[in-house]
Amino acid sequence: MNAWRLVVGSDGAGYEYKQRIKADLQDDPEVAHVLDIGVNADGHTPYPTVAIQAAEMIARGEADRAILVCGTVLGVAIAANKVKGVRTVTAHDSYSVERSVLSNNAQILCMGQRVVGIEVARRLAREWLGHRFDTAGPSHAKVAEIDHYEAR
């Protein structure tokens, strides 16, 4: 099993959580690399810029997964899902995090700093990396149907 190549990003409203989650990920032995694509402490980059950059990296195969944080979670998820070949989810509970990977092969997890507590966000990020999609499992055909539709 290969170590994860990860991307993290946020807008200004998600900066604090992104920093904390990034530090956790950098200490995880299952993580090979964490690339922070912004923003910085004084960042004013709009959330779509960050989300699309992360999703494009996933689509090109430059990273395995990404975690994005904004204030509400809604904006980064919408923007990242516009990139062809990427499945982005919002999740604030363990079951949704689990199913995002096992049922949907999600590559990007988005969370809202103004929606979920920091300790829950940190735990969910760790849990999310513990799940791997089974390409021979029962959900494979469903994800393939999504991919087929998107390719049309």
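Biologist: How do the axes of helix H4 and helix H5 cross, and within what distance do they come?
Modeller: This is a predicted model. In it, the axes of helix H4 (residues 94-102) and helix H5 (residues 118-129) cross at roughly 30 degrees and come within 9 Å.

Biologist: Roughly parallel or oblique, then?
Modeller: Roughly parallel: the cut-off for that word is an angle under 35 degrees, and H4 and H5 therefore get it. The crossing in which H4 passes H5 is right-handed.

Biologist: Which residues meet there?
Modeller: On the H4 side they are Ser94, Val97, Ser100 and Val101. In H5 they meet Arg123, Leu124, Glu127 and Trp128.

Biologist: And H1 with H5, at what angle do those axes cross?
Modeller: Roughly 40 degrees, with the axes of H1 (residues 15-26) and H5 coming within 10 Å. That makes H1 oblique to H5. This crossing is right-handed.

Biologist: What does H1 bring to that contact?
Modeller: Tyr17, Arg20, Ile21, Asp24 and Leu25. They meet a set of H5 residues, among them Ile118, Ala121, Arg122 and Leu129.

Biologist: Switching to the sheet. What is the strand order?
Modeller: The order is E2-E1-E3-E5-E4, in an open sheet of five strands with parallel pairing. Strand E2 (31-36) and strand E4 (88-90) are the edges, each pairing on one side only. On average, neighbouring strands are turned by 20 degrees against each other, direction ignored.

Biologist: Which helix packs on the sheet?
Modeller: Helix H2 (residues 47-59) does, touching strand E1 (4-10), E2, E3 and E5. The direction of H2 makes about 170 degrees with that of E3.

Biologist: How many bridges join E3 to E5?
Modeller: Five, between residues 65-70 of E3 and residues 108-112 of E5, and the two strands run parallel. Ile67 has Leu109 as its bridge partner in E5, and Ala66 has Ile108.

Biologist: What about E1, how many bridges join that strand to E3?
Modeller: Five again, with E1 and E3 running parallel. Leu6 stands opposite Arg65 in E3. E1 also pairs with E2 in the parallel sense, over five bridges. There, the bridge partner of Arg5 in E2 is His33.

Biologist: How many residues of E3 are buried?
Modeller: Six of its six, so to count as buried each has under 20% relative accessible area. Both faces are covered. Arg65, Ile67 and Val69 lie on one side, and Ala66, Leu68 and Cys70 on the other.

Biologist: And how many in E1?
Modeller: Six of the seven residues of E1 are buried, so the strand is largely enclosed by the rest of the structure.

Biologist: You listed Cys70. How many disulfides are there?
Modeller: The count comes to zero. Cys70 is in no disulfide, and the nearest cysteine sulfur, that of Cys110, is 7.3 Å away.

Biologist: Now the backbone. Which residues does a cis peptide bond join?
Modeller: Gly38 and Val39, with omega about 10 degrees. Val39 lies in the loop between E2 and H2. For background, most peptide bonds are trans, and most residues other than glycine have a negative phi.

Biologist: What is the phi of Val73?
Modeller: Near 90 degrees, a positive value in a residue other than glycine. Val73 is in the loop between E3 and helix H3 (74-80). With a relative accessible area of 3%, Val73 is buried.

Biologist: And Asn105, what is the phi there?
Modeller: Positive, about 50 degrees, although Asn105 is not a glycine. Asn105 lies in the loop between H4 and E5.

Biologist: What is the relative accessible area of Asn105?
Modeller: It is 22%, and Asn105 is partly exposed.

Conventions. Residues numbered from 1 in each chain as written. Predicted model: local features only at pLDDT ≥ 70, side-chain atom pairs only at ≥ 80, totals over all residues. Heavy atoms only, no water. Disulfide = S-S within 2.5 Å. Pairing = 2+ DSSP bridges. Helix = DSSP H or I, 4+ residues; strand = E, 2+ residues; numbered from the N terminus. Axes fitted to C-alpha atoms, helices over the stretch in contact; angles between N-to-C directions. Contact = heavy atoms within 4.5 Å. Parallel < 35°, antiparallel > 145°, perpendicular 65-115°, else oblique. Left-handed = near helix turned anticlockwise from the far one by under 90°. Buried < 20%, exposed > 50% of the residue type's maximum accessible area, 1.4 Å probe, protein only.
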